[in-house]
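Here are my notes for your review. Please read them alongside the model.

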Amino acid sequence: MKHIYTLVILLFFGTQQVAFAQQQIKVTGVVIDGASSSQEAISGVSISTGGKAIGSTDRSGKFTITVPNNASIIFRSIGHKSVTVKVDNKTYLSVTMSPTSEMLGEVKVTSGYQQKTRATNTGSIVTISGKDIQGQPAGDVMSLLQGRVAGLNIQNNTGAPGFRGSVTIRGISNINVSGSGDAAFLTPTSPLYVIDGVPVDDNANFSYGFQQAGPGVSPASQIPPEDIEDIQVLKDAAATSLYGSRGAYGVILITTKRGNSKVPVVRYNGAAFMSAVPQLKAVIGGKDERLLRIAQIMRFDTSWNHALDLVNQTPFLSDSLNPYYNNSTDWQSYFYKPTYNQTHNLNVSGGDVKFNYKVAMGIYDEKGIQENTGYSRYNLNMNMIYNPTYKFKLLAQLNNSIQNQRMGSGNGLMNSGIADGGNSSSLLPAPSLYSSVNSVLGALNTDDDNKVLTTSAIVNVAYDFFKNFKVETTLNYTGTSSTKDNFSPAALNANQAQYYTYNDRATTLYNRNQMSYVFSLKEDGEDAHNFNFFAFNEIRSSFFKADAMLNDRVVNDQLRGPIVKQTSYLSSKGGTIGYTDTRAVAFSGNFAYDYKQKYVINFSYRADGLSTNGPDAGYVKNPAISAKWNFEKENFMKDKEWLDYGSFRLSYGSNITPNGSIYQSYGKYYGGDNYNNQKTVVTDLKFLPNRSLEPTRATTLNAGFDISVFNNRLTLNIDSYYKQNDNVFREKAISSSNSFENIASTEISNVNYGWEFQATARPLSATSPFKWTMSGSFAINREVLAALPDGLREMIYYDPGNQQDIYYRLGINSLSNYLFNTKGVYSTNAQVPVDPATGLPYRVGSNDILNYFKAGDPIFTDLDGNYVLDNYDRVIAGNSQPQITGGFTSLLQYKSWSFEVNTSFTLKRDIMNNTLASQFGAFTDPAIQYDPWKLVALPPISQLDYWKAVGDQATYGNPLDFVRARRLNPFRGNQTYSKKMDLISN
């Protein structure tokens, strides 16, 4: 009995000891960066025990968890070594994590809707962290990427707030030009945007306001920079092939932030900034302008008496005491003002690994430096993730935005009245209803209101049925409603006010179902042969309808409607101006294999069916294959401690982008008149149906090299590529003997090839209190035309506006200018060529004495040798697309302070300098004999190297010889000026 009591007592105390050992305690603490001398905290550190995630650190690096008092806790963070800590009844832990270059291979990138590590990714991908772009307020986040990504070029066509420039990745993919003169633009070929896993087409409908009728707001601009986690730019086929339809121009992935703090965190970010007026055009004011005009007339008119008569007959020159002409008005000051702007962002986030949420609200308001322009954006975005077990994950997201674009009296690219009004003579009085120039009042009084309301809902559900087998589905609805109301006063429209109203509605339903399976075969106890199978299908339905109405007979500026004075049917223009209803379905698969992450092979295949394809085109197939060698994992590189990672990449594949509309594939039919008392169906003869209409296909061959050395202190990425775009869309006129007018053609091809360099350096020691990061990008791109319709070798696009025609010829850049070439200026009359057959000098037009060239005139190339300057003397010159692009960024940090410098550049690009040509052209009519309503400002030209006297070796011809200027046209918008055939300015 004694032994039994002893045993019971021992069991009792042993049980108490086990119970005490398993006691749950609350542990708090902080995780700091061991490489930081200021003990900076690390946020987002994953915390687990026993193979189960139990929490993460908040923004301040702090955490609160409940664990057994003797538990072992593991802390993990990308870029740092994992740390295991024994609790041992401690209720507070201070954990230090050291950085490691070995973790760099685990950095995640997204390709084809699946995440991969850096080591297994075979594509050309550049990732920009959201932290890198949040210090700069911007109405359009894409503008902040200029110079940061090699091969990405963003051309800002306007400085209007909220507008984004044309975005191209690795050169242009389209050669079609729309419009004419100063309003001409290249058909947009923006990359495909994928926002939180959902594709968004930025080329559709009326997203470019200056392009067509709509308000002109990019879908990507609805996201404030403060809400972005990262942006990834996918450039080659290995990275973009699984995006298939609409991925031919590259893909840009935008991922927004999620909540990651167990304790609710409220963050506010606000900024106030000023937009300054740039240097404006210099002009001569008041008395000096009058004296210059008189001196020009007296010196260059045909005779002294004729010149004196001309001055005396011109009131604004002779009547200097007339108060109407005795002024010195600075017209540009009425249009341009510095502005003060603001942006505010507030978000609330919280949660842990099992459930987290985030609500973000934002306001952005920017006034344009051009009066009556501006952009405002209001955001309310919400997301949540429910992840109760490692098998199940639910993501829900709701984004809402209202954007307001104010374009003044124009369309964002040009504003009516500002160009002419701002260029008015300083002799004229300040703007008023009684002034001959009242475009200022018109531009400032134009009421322009453009709103875009966007709602997007995303639901994503993922489930792991068994180990390494995952099924996922994504459902998205996006609805957009846009309105535009513009009232243009009578002062801008020939004394007749005008009212324009526009509205559209666009909806998109998108569904993607995917599954993935990963398994490995072991070798020597570790995973050696790794296989990844991935497949998905996509379904997309899009609808768009736009209506507009124009009343150009509004009663007056005060009574705008609905009462209008309509004199005819043509006076009231209205109706549906755009309608599309498209469907797309795709099936895609991907197989990837790697051996110990040394050698990686990736193969993908996608088939796209599009409702815009012709019935004979069928499904379009997009294959891609790529390989990668991570040589830092080789045995002979193991002892190279200076090498963090290094790899060679090679890829080949294709993508497509839809072309045309369903009407151009199948034809368009509408109800006609009665015939024999029966309704008729009539074929629209504008387009002949093209049953073989295919999407544009981009085929890319890419080779790349990546390396990082000295614990990530220096990284370098080099890519070389060859990209061919086939089936480029163009409307082609057909023979007049045919009943139809045009056909949708896909016979054009062009090629882009080049080299890209991206580098990042961190020169300071990891233990230094200062942190300095420098990064740079440099890209060289060459583009040539490879095919034209009907097998043509050359073709000319005629510009009726500025006569700046484009010459399409195989083997040269697609946007070559077709210009008159100048090779300097005739210094003396003896230099002017003489026709040996007639003994007459080189001339323009007929044998009039004023038509012959003489000293002071530009030397135009006589290409056909007939001693007459005409259109047959033009040459191919220049390239409007930059051949070299890049940028440099420097970020210096000390504790909570930072100093950042961002630069970008484009080189070897030719620009038609219409401004310089118009400045010289201002002197062609000093007494406004030919256009009495156009008294323009005179710019100072003394600083320019122009011809003044016989014997001068000058760059520009004589701009003051107004008698012959209208015949010779010495300063054309379509000419070059130097022996190197540079454009009028480059």
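1. Buried means under 20% relative accessible area, exposed means over 50%, and partly exposed lies in between (1.4 Å probe, protein chains only). By that scale Glu-747 is partly exposed, because its relative accessible area is 31%.

2. This is a predicted model: local features need pLDDT of at least 70, side-chain atom pairs count only at pLDDT 80 or more, and totals for chains, interfaces and linings use all residues. Residues are numbered from 1 along each chain as its sequence is written, and side-chain values use heavy atoms, with hydrogens and water left out.

3. Glu-747 forms a salt bridge with Lys-732; the closest N and O atoms are 2.7 Å apart. The pair links distant parts of the chain, with Glu-747 in strand E37 (residues 742–761) and Lys-732 in strand E36 (residues 714–733), 15 residues apart. Lys-732 counts as buried, at 18% relative accessibility. A salt bridge here is a side-chain nitrogen of Lys or Arg within 4 Å of a carboxyl oxygen of Asp or Glu. Strands (E, at least two residues) and helices (H or I, at least four) are DSSP runs, numbered from the N terminus.

4. How many salt bridges does this rule give? The count comes to 27. One of them joins Asp-365 to Arg-406, with the closest N and O atoms 4.0 Å apart. Asp-365 lies in strand E21 (residues 355–367) and Arg-406 in strand E23 (residues 392–407), so the pair ties together parts that are 41 residues apart in sequence. Asp-365 is buried at 16%. Arg-406 is partly exposed at 23%.

5. Lys-596 pairs with Glu-523 in another salt bridge, the closest N and O atoms being 3.6 Å apart. Lys-596 sits in the loop between strand E28 (572–595) and E29, and Glu-523 in strand E26 (residues 498–523), so parts 73 residues apart in sequence are tied together. Lys-596 is partly exposed at 23% relative accessibility. Glu-523 is also partly exposed, at 27%.

6. Buried or exposed: which is Asp-608? Asp-608 counts as buried, at 2% relative accessibility. The residue is found in strand E29 (residues 599–610). Its side chain makes a polar contact with the side chain of Asn-622 at 3.2 Å. A polar contact is a pair of N or O atoms within 3.5 Å; within protein, one must be able to donate a hydrogen and the other to accept it, and residues adjacent in sequence count only if both atoms are side-chain atoms.
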